[in-house]
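Thanks for passing this one along. Could you open the model next to this note and follow the points in order?

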Amino acid sequence: MTRKPIMAGNWKMNVDHIEATGLVEKLHYTLVDKEWDPKKSDAVLCVPFTDLRTVKTLIDGDRLHFGLGAQNVSQHDNGAYTGEISTAMLSKLGVQYVIVGHSERREYYGETDEIINAKAKKVLAAGMTPIICVGEGLDIRKAGEHVEYTLNQVRGTLADLSAEQVAGLVIAYEPVWAIGTGEVATPDDAQEVCGAIRREVAALYDEPTAESVRIQYGGSVKSGNVAQIMSQPDIDGALVGGASLQPDEFAAIVRFYQL
Ligand SMILES: O=C(CO)COP(=O)(O)O
């Protein structure tokens, strides 16, 4: 079983829709220049809601090989939820991936495993792929409880999903202490948890499901450390924050196999 690497850029709350055009075009031309082979890796752009339409138009118009992703979604279908965006709205725009449960959503907006599980179910029901984020904070890591803590999040966020659904989704392991800090987990640290996540999926479901689910590492991924991280057996991609805003950097990350 070979899992196709998936490199996702999480722009977070950066880049307006005008700036998005320039960023996507620069990224595209850099990748063309460097002879990126889209068969070798998936590149996904998880952009702010207000950029989705613009980026989709660029992807369709210029036949760019980028997947389109959102960074959050409501767990409700429609109705009186002021300020929220539904899965139906996203799928109608051609969105393929939705990040759910990013640690920033957990920390600043009170998202629990139950809420994230509900969001993941809605994303799947709408025919899109959730990128489910898990990962421990520094205190948990220092206490040596990072594996069990993260697996608990995996169990909570995957609750009631079928083997078939889990086989097709993406789990992103993002240790909170490595996000935006420049402090990247060592390849061995990242592998320890990503390997444990895959074994947990095998225990909850079966071996084929565990072999199929794609597991990303996220946290200060750059062109200079991506190759080492990707050399680990259970790491199938990266969820990239800061470096995804720099076309040269993100292009290099997408082409990690040539570095
Ligand atoms: O949170 C992240 C991606 O979702 C990681 O962010 P950085 O790559 O900026 O550390």
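1. A word on the model before anything else. The model is a predicted one: local features need pLDDT of at least 70 and side-chain atom pairs count only at pLDDT 80 or more, while totals for chains, interfaces and linings use all residues. Residues are numbered from 1 along each chain as its sequence is written.

2. Overall build. The chain has 12 helices and eight strands (DSSP runs numbered from the N terminus, with helices being H or I of at least four residues and strands E of at least two). Its radius of gyration is 17 Å, close to the 18 Å from the globule rule for 259 residues, so the chain is as compact as a globular protein of that length. That radius is taken over C-alpha atoms, and the rule is 2.2 Å times the number of residues to the power 0.38. Along the principal axes, the C-alpha trace spans about 50 × 45 × 35 Å.

3. Of the 259 residues, 47% are buried. Buried means 20 or more other C-beta atoms within 10 Å of the residue's own, exposed means 12 or fewer, and partly exposed is in between, with C-beta atoms placed from the backbone. Among contacts with a separation of 6 or more, 73% join residues 24 or more positions apart; a contact needs C-beta atoms, placed from the backbone, within 7 Å.

4. The annotated positions. UniProt, in an unreviewed entry, places the feature "active site" at His102 and Glu174. UniProt positions follow the numbering used here, feature names are shortened, and annotations may be inferred rather than shown by experiment.

5. His102 sits in the loop between strand E4 (97-100) and helix H4 (103-109), and is buried, with 27 other C-beta atoms within 10 Å. Glu174 belongs to the loop between strand E6 (170-173) and helix H9 (187-204); this residue is also buried, with 28 such atoms. Leaving aside neighbours within four places in sequence, His102 contacts Gln71 and Cys133, while the contacts of Glu174 include Cys133, Ile179 and Leu239.

6. The ligand. Around the ligand are 14 residues, the closest being Asn10, Ile179, Gly180, Gly241 and Gly242; a residue is near if its C-beta atom, placed from the backbone, lies within 6 Å.

7. A strand residue. Ile6 is in strand E1 (residues 6-10) and is buried, with 23 other C-beta atoms within 10 Å. Ile6 and Asp42 are 36 residues apart in sequence but 4.6 Å apart in space, C-alpha to C-alpha.

8. Helix H5. The 13 residues of H5 (residues 113-125) should span 18 Å at 1.5 Å a residue, and the end C-alpha atoms are 18 Å apart, which agrees; the expected span is 1.5 Å times one less than the number of residues. Buried residues of H5 include Ile116, Lys119 and Val123. After H5 comes Gly127, with a positive phi near 85°.

9. Helix H12. How many of the eight residues of H12 (residues 247-254) are buried? Six are, so the helix is largely enclosed by the rest of the structure. The buried residues of H12 pack against E1, helix H1 (17-33), strand E2 (42-46), helix H11 (226-230) and strand E8 (237-240).

Notes: Contact = placed C-beta atoms within 7 Å.
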